[in-house]
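Hi,

Here is the structure I promised to pass on.

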Amino acid sequence: MATDRAKRALFRGKANAPLVVRPPHALAESQFTETCTRCEKCIAVCPTNIIVKGSGGFPEIDFGAGAKECELCNKCVEACQDDALNAANEPVWRWQLTLNEQACLPFQGVACRSCGEYCADSAIRFQPKIGGQFTPELILEACTGCGACIHPCPTNALQIQPAD
């Protein structure tokens, strides 16, 4: 019985932990950690070096690593021999991008379009605001999840949240 309580406490403590972003086409988290052998082949083939060795040795995405984004090349998926990453797994990402307006400079009256300048898919559009700066609007349907917009944001206003 004490073991069950300890496990529950451990899981409760993890509830507020930041979201771990796995490489594209990863299985759901519990399945991923059961299936992934931590071989690091996906890390070795990533052309932008955003797949890093994370907690427990499992691969995760670090969008801050060298200001790179995911090219969605699927080299990591092709390198994965244990099917923890598989092109048949949907969605491509198990997270979505959110915008913290309180941290975002244009919402504070400061001109900034850094995120939109790096978004090749036009998933971040700037809307005119009467008497103020143009403010960003996320177009989630257009977002590929590449993460190009995350690193250039000077205030870390773009955040990753679990997908609904």
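Searching the whole structure, which is a predicted model, turns up three salt bridges.

Between Arg-22 and Glu-29, the closest N and O atoms lie 2.6 Å apart. Is Arg-22 buried or exposed? Arg-22 has a relative accessibility of 9%, so this residue counts as buried. Glu-29 reaches 36%, and therefore counts as partly exposed.

Arg-22 also meets the side chain of Glu-60 in a salt bridge, with an N to O distance of 4.0 Å. This pair connects distant parts of the chain: Arg-22 sits in the loop between helix H1 (2–14) and helix H2 (29–35), while Glu-60 belongs to strand E2 (residues 59–61), 38 residues apart. Both Arg-22 and Glu-60 are buried.

The other pair to look at is Glu-40 with Lys-53, where the closest N and O atoms of the salt bridge are 3.2 Å apart. Here, too, distant parts of the chain are linked. How do the two partners stand in terms of accessible area? Glu-40 is partly exposed, at a relative accessible area of 34%. Lys-53 has a relative accessible area of 53%; the cut-off for exposed is over 50%, so Lys-53 is exposed.

Best wishes

How values were computed. Residues are numbered from 1 along each chain as its sequence is written. This is a predicted model: local features need pLDDT of at least 70, side-chain atom pairs count only at pLDDT 80 or more; totals for chains, interfaces and linings use all residues. Side-chain values use heavy atoms; hydrogens and water are left out. Buried means under 20% relative accessible area, exposed over 50%, partly exposed in between (1.4 Å probe, protein chains only). Helices (H or I, at least four residues) and strands (E, at least two) are DSSP runs, numbered from the N terminus.
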